[in-house]
Amino acid sequence: MTTTTPPTATRQAPPYGITPTRILRSEWHKLRSLRSTWITLTTAAALVLGVGLIMGGTYTSGGGDSDVDIVVLTLYGSLLGQLCVIVLGILVTAGEYATGMIRSSLTAVPTRLPVLWAKAAVFTATVLTVMSTTALITFGAAQLFLHDTDQAASLTDPGVLRALAGNAVGITLLSLIALGLGSLLRSVPGAIGAFIGGVMILPEVLGMLPYETVERALVYFPTQAAGALGSATPIPGTAAPGPALLALCLWAAATLAAAALSLRHRDA
């Protein structure tokens, strides 16, 4: 008697797998499909452009602002615009915990960390593009009013293009810190409070201490480092652009690392 061996069943691979490209595409779809994303980014760009036009339209040669750096004068609205982008960074991560959508994201990507890296990458690319474009448009629009004043300048002037790029990079990195805080604290109000208290107010409080060591360290805190990046000429009492950029990158990396550690070991 001969026995026949049943053919071995071949296991077919699933038609779709989890790849970095697909995770990035998913996060980009989530970011662009939310009305709050475009409302917030549009508001930030409008504030920067609007304040820049006001500063350019009301400026007179020899006035009180004649000694202000041209890029700082033009992009003064960045102080308001960056608040909008910071809130958006918090919503990108903490907002998913508030709605419960984070469970679906982590179920689809069980390794978890690629979700955070994809969110950070998509958010960074979007904000950097919007803020860089806004800075260039605002500078050009303001120069329509400033071309016959003592603040007339062009993109080819020393330090101008670097400062415009530095302004956009500084805002992007600050908002990336906010994104990390949102993931770490998993609460929109909590992350906003932590950013305002720890990143914006704490350095001002520490600056009141009469210690030279504290004063030297404060120039590398996030908001102070971001301010140093957006000036075409050196600002007294601030770090040089290179060290300021490095410090800001380290702050963002440290916040994201803490968020990654929390995501890896805490339940969703």
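Tutor: The crossing of α4 and α6 is right-handed. The model is a predicted one, in which local features need pLDDT of at least 70, side-chain atom pairs count only at pLDDT 80 or more, and totals for chains, interfaces and linings use all residues. Residues are numbered from 1 along each chain as its sequence is written, and side-chain values use heavy atoms, with hydrogens and water left out.

Student: How are α4 and α6 directed relative to each other, and why?

Tutor: The axes of α4 (residues 78–99) and α6 (residues 113–146) come within 12 Å and cross at roughly 160°. Axes are lines fitted to C-alpha atoms over the stretch in contact, with angles from 0 to 180 degrees between N-to-C directions. Because angles over 145 degrees count as roughly antiparallel and those under 35 as roughly parallel, α4 and α6 are roughly antiparallel.

Student: Which residues of α4 and α6 meet?

Tutor: From α4 come V85, L88, G89, V92, T93 and E96, and from α6 come K119, F123, V127 and M131; contact means heavy atoms within 4.5 Å. This contact of α4 with α6 has 6 nonpolar, 2 polar and 2 charged residues. Ala, Val, Leu, Ile, Met, Phe, Trp, Tyr, Cys and Pro count as nonpolar, Asp, Glu, Lys and Arg as charged, and the others, Gly among them, as polar.

Student: How does one know whether α4 is roughly parallel or antiparallel to α7?

Tutor: The axes of α4 and α7 are 7 Å apart, at an angle of about 30°. That angle makes the two helices roughly parallel. Their contact includes Q82, V85, I86 and Y97 of α4 with I171, L174 and S183 of α7, among others. By class, the contact of α4 with α7 has 10 nonpolar, 8 polar and no charged residues. The crossing of α4 and α7 is right-handed.

Student: What makes a space a cavity, and what makes it a pocket?

Tutor: On a 1 Å grid over the protein atoms alone, a cavity is a set of points where a 1.4 Å probe fits but cannot get out, whereas a pocket is an open set with protein on both sides within 12 Å along at least five of seven lines; lining residues have an atom within 4 Å of a point. The structure holds 1 cavity of 30 Å³ or more. About 50 Å³ of space lies in the largest cavity.

Student: Which residues line the largest cavity?

Tutor: They are T93, Y97, I102, V115, L116, K119, S183 and L263.

Student: How much space lies in the largest pocket, and which lining residues are closest to its centre?

Tutor: The largest pocket holds about 520 Å³. Of its 22 lining residues, L79, Q82, T223, A226 and G227 are the closest to its centre.

Student: Which element gives the most to the lining of the second largest pocket?

Tutor: Helix α4 does, with 6 residues. The second largest pocket holds about 350 Å³, and K30, L34, L91, V92 and E96 are the closest to its centre among its 17 lining residues.

Technical notes. Helices (H or I, at least four residues) and strands (E, at least two) are DSSP runs, numbered from the N terminus. Angles under 35 degrees count as roughly parallel, over 145 as roughly antiparallel, 65 to 115 as roughly perpendicular and the rest as oblique. A crossing is left-handed if the near helix is turned anticlockwise from the far one by less than a right angle, and right-handed if clockwise. Grid points are joined across faces, edges and corners, and a volume is the space filled by probe spheres set on the points.
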